[in-house]
Amino acid sequence: LFLGQNSTLTERVKVRDDALRKYVARTIHDVGDGSKHIIETQQFQELLRMYNQNLKQNVLDPFVSNDNFRRAIKDFDTTGFKNYDYRIRKEVEFLMRNLKFKFGYNDEGAKAICIYAIDNKLADRYN
C-alpha cells in the first residue's frame, strides 16, 4: 500500500530494503537506547505519511466503476438508500458529509458533483 497497486516488484523490494537499512542504521538505535518510542522516529513518520497518502489517493477505486455505488449516491437521503450494503452506505455517507462540510455543497449539489465525476470518469483522468 505504500507505493500503490501499480508498483513493480523491483520498486517494492527497493522500498523494503531502504526501510530495513534505515531501521538498522538509525531507528533501532533510537528505540533501543530508550530515547524515542517507535512512533516518534522519523522512519515511522515517513512510512505512515506514505501509507496515508496512498490510502487517500485510492480510497474510491473499488467504488468508482461499481454501478451500485452510483445508484447509492443518487438514492442518498431517500428511503431506498437503506437497501444498499453497509460498506457502500458508509462510503457514500462519508463522501457526502465531506462534500457538504469541507466544500459547502448541499445534498443535491453533492449528489450532482459525484454523478458528474463518475459519469465523466474524472477519477481515471486525474489518477
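# A helix-by-helix tour

Start with D107: at a relative accessible area of 23%, D107 is partly exposed. "Partly exposed" sits between buried (under 20% relative accessible area) and exposed (over 50%), with a 1.4 Å probe and protein chains only. The areas themselves come from the Shrake-Rupley method with that 1.4 Å probe, and for residues only the protein chains shown count as cover.

Before you go on, note that you are looking at a predicted model, where local features need pLDDT of at least 70 and side-chain atom pairs count only at pLDDT 80 or more, while totals for chains, interfaces and linings use all residues. Residues are numbered from 1 along each chain as its sequence is written, and side-chain values use heavy atoms, with hydrogens and water left out.

**The whole chain**

Zoom out and color by secondary structure. The protein chain has seven helices and zero strands, which along the sequence reads α-α-α-α-α-α-α. Helices here are DSSP runs (H or I, at least four residues; strands would be E, at least two), numbered from the N terminus. Of the chain's 127 residues, 20% count as buried.

**Stop 1**

The label needs a side-chain nitrogen of Lys or Arg within 4 Å of a carboxyl oxygen of Asp or Glu. K100 is partly exposed too, since its relative accessibility is 26%.

How many salt bridges does the structure hold? Six. Two others are on this tour.

**Stop 2: along α5**

Select K90 and E93. The two form a salt bridge, with the closest N and O atoms 3.2 Å apart.

**Stop 3: R70 to D119**

Now pick R70 and D119. This salt bridge spans 2.7 Å, N to O. The pair connects distant parts of the chain: R70 sits in α4 and D119 in α6 (residues 107-119), 49 residues apart. R70 is partly exposed because its relative accessibility is 22%, and D119 is partly exposed at 41%.

**Stop 4**

Keep α4 and α6 on screen and hide the rest. Two packed helices are described by the angle between their axes and the distance between the axes. The axes are lines fitted to C-alpha atoms, for helices over the stretch in contact, and the angles run from 0 to 180 degrees between N-to-C directions. α4 and α6 pack at about 160°, with axes 9 Å apart. That makes α4 roughly antiparallel to α6. Their crossing is left-handed, meaning the near helix is turned anticlockwise from the far one by less than a right angle; clockwise would be right-handed.

How do α4 and α5 lie relative to each other: roughly parallel, roughly antiparallel, roughly perpendicular or oblique? The axes of α4 (residues 67-75) and α5 (residues 86-103) come within 10 Å and cross at roughly 55°. The two helices are therefore oblique to each other. The cut-offs are under 35 degrees for roughly parallel, over 145 for roughly antiparallel, 65 to 115 for roughly perpendicular, and oblique for the rest. The crossing of α4 past α5 is right-handed.

**Stop 5**

Follow the chain out of α4 and click D77, which is found in the loop between α4 and α5. D77 counts as exposed because its relative accessibility is 53%.

Then jump to G109 in α6, which is partly exposed at a relative accessible area of 22%. Draw a C-alpha to C-alpha distance from G109 to L99: 8.9 Å in space, for 10 residues in sequence.

**Last stop: a nonpolar patch**

Show the surface and select L20, Y23, V24, I28, V31, I38, I39, F44, L48 and Y51, which make a nonpolar surface patch of about 800 Å². Patch residues have over 30% relative accessible area and no salt bridge; nonpolar side chains (Val, Leu, Ile, Met, Phe, Trp, Tyr) are joined within 5 Å, and like charges within 9 Å. The elements giving two or more residues are α1 (9-32) and α2 (42-57), and α1 gives the most, with five. Finish on I38, in the loop between α1 and α2: I38 is partly exposed, with a relative accessible area of 32%.
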